[in-house]
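Here is a short briefing on one protein chain. Look over the sequence and the fold before reading on.

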Amino acid sequence: MKILIVDDEPIFRDLLMQVLQSDGYDDLQFAESGNQALDVISQSQAPFDCFFLDVNMGGMSGIDLCASIRNKPGYDKTPIVMVSSMTDRQYVDAAFDAGASDYINKPVDAMEVKARMRMVEALASERRQYSQISSQLTETEQAFGKTHGFEDADIIADSSFLIPSSSLENYVLRMGGVRLMTTVAVGFHVRNADDIFVHSSGLEFADTMAEVARSIGESLHGGLRVLSYFGSGNFCALVSRMARLDSDTLETDIGWKISQVAGLLSDDAALVPSVAVGAPKSSGLSLFRDPTAMLFAAMQSAQDAGTHRHEAIRIKGAIHVA
């Protein structure tokens, strides 16, 4: 794995190098500034597989560098880990808004870096797999099965609204009590995701879920903070509590947006995504509760809403027929 470390502190660069080398990563390059990093990237014959960027550097900040890397061809999904001694929420938010995959604090802990590298390896593997599939999309895919499993998370490779599900969980863990109190999780469940999966190729299914992500993101407007896909047709978003969302209204809006492109998704109306929206979930007041629990509670609420709504429609139809 080819890694670029960007930091204007030689001591930190050496420390991170030692941590990564002890974990078996030897293809390491360094830059002391954002501009130098961009030059290194442009001049490199082989693309980088991962970046570690210091947030607070002289000249171009790590956050601006992150955004610049994301705009470079071929680097829209490359893992970018931001590293900083600043824990203020505005820096964390700005990093994820710029396209960061993860965020760790200085002084770095060797075990934490190694844990983060497992996530990086998974993202890099998914990126390589998608690249290979995209270049080889032929009738072979139709004949020999799926690219992705139905339960696989993070299969969407071209949506600006999403971050990896593991990064969303990490984001929640780093929000802090005060920020958690101003945030709710909202779950979204594609009711007919299993049917869409069965009748689609792997890339077609991923493209359909990407369209769902776009519709969710646009419907949430300014209230959206981050959004992730967790597999099996389940999405979860972190939304400002001040947005005061109405689940029924949001579901209608998402459905309308999807209907505008339904013809591009499928000729069969039954395979156009139908999205259920759950009730907003908060972390609660307990200091000992795992804050990531609200993510899964929100997605469970969406699944329950999808089941109940489907059952209500079926019963209503049966009564009408009778």
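This is a predicted model: local features need pLDDT of at least 70, side-chain atom pairs count only at pLDDT 80 or more; totals for chains, interfaces and linings use all residues.

An open sheet of 5 strands pairs in the parallel sense. H2 and H3 are roughly parallel to each other, whereas H10 is oblique to H11. Aromatic pairs number 8.

**Sheet**

- The strand order is E2-E1-E3-E4-E5, and the sheet is open.
- Strand E2 (28-31) and strand E5 (102-105) form the edges, each pairing on one side only.
- Neighbouring strands are turned by 20° against each other on average, direction ignored.
- Strand E4 (residues 80-84) pairs with E5 over 4 bridges, in the parallel sense.
- Ser84 has Asn105 in E5 as its bridge partner.
- As a general point, strands of a sheet pair through backbone hydrogen bonds, either parallel or antiparallel.

**Helices H2 and H3**

- Helix H2 (residues 34-43) and helix H3 (residues 62-70) have axes that come within 10 Å.
- Their axes cross at roughly 20°. Angles under 35 degrees count as roughly parallel, and H2 and H3 are therefore roughly parallel to each other.
- The crossing of H2 and H3 is right-handed.
- From H2, the contact takes in Gly34, Ala37, Leu38 and Ile41. From H3, Leu65, Ser68 and Ile69 meet them.
- By class, this contact of H2 with H3 has 5 nonpolar residues, 2 polar ones and no charged residues.

**Helices H10 and H11**

- Helix H10 (residues 202-220) packs against helix H11 (residues 247-259) at an angle of about 130°. Their axes are 9 Å apart.
- That angle makes H10 oblique to H11.
- The crossing of H10 and H11 is right-handed.
- H10 contributes Val212, Arg214, Ser215, Ile216, Glu218, Ser219 and Leu220 to the contact. H11 contributes Leu250, Asp253, Ile254, Lys257 and Ile258.
- By class, the contact of H10 with H11 has 6 nonpolar, 2 polar and 4 charged residues.

**Aromatic pairs**

- The count of aromatic pairs comes to 8.
- One of them, Phe51 with Tyr75, is edge-to-face. The ring centres are 5.5 Å apart, with 65° between the planes.
- Phe51 lies in strand E3 (residues 50-54), and Tyr75 lies in the loop between H3 and E4. The pair therefore ties together parts that are 24 residues apart in sequence.

Key
Residues are numbered from 1 along each chain as its sequence is written. Side-chain values use heavy atoms; hydrogens and water are left out. Two strands pair if DSSP finds at least two bridges between them. Helices (H or I, at least four residues) and strands (E, at least two) are DSSP runs, numbered from the N terminus. Axes are lines fitted to C-alpha atoms, for helices over the stretch in contact, and angles run from 0 to 180 degrees between N-to-C directions. Angles under 35 degrees count as roughly parallel, over 145 as roughly antiparallel, 65 to 115 as roughly perpendicular and the rest as oblique. A crossing is left-handed if the near helix is turned anticlockwise from the far one by less than a right angle, and right-handed if clockwise. Contact means heavy atoms within 4.5 Å. Ala, Val, Leu, Ile, Met, Phe, Trp, Tyr, Cys and Pro count as nonpolar, Asp, Glu, Lys and Arg as charged, and the others, Gly among them, as polar. Rings of Phe, Tyr and Trp (its six-membered ring) pair if their centres lie within 6.5 Å; planes under 30 degrees apart count as stacked, over 60 as edge-to-face and the rest as tilted.
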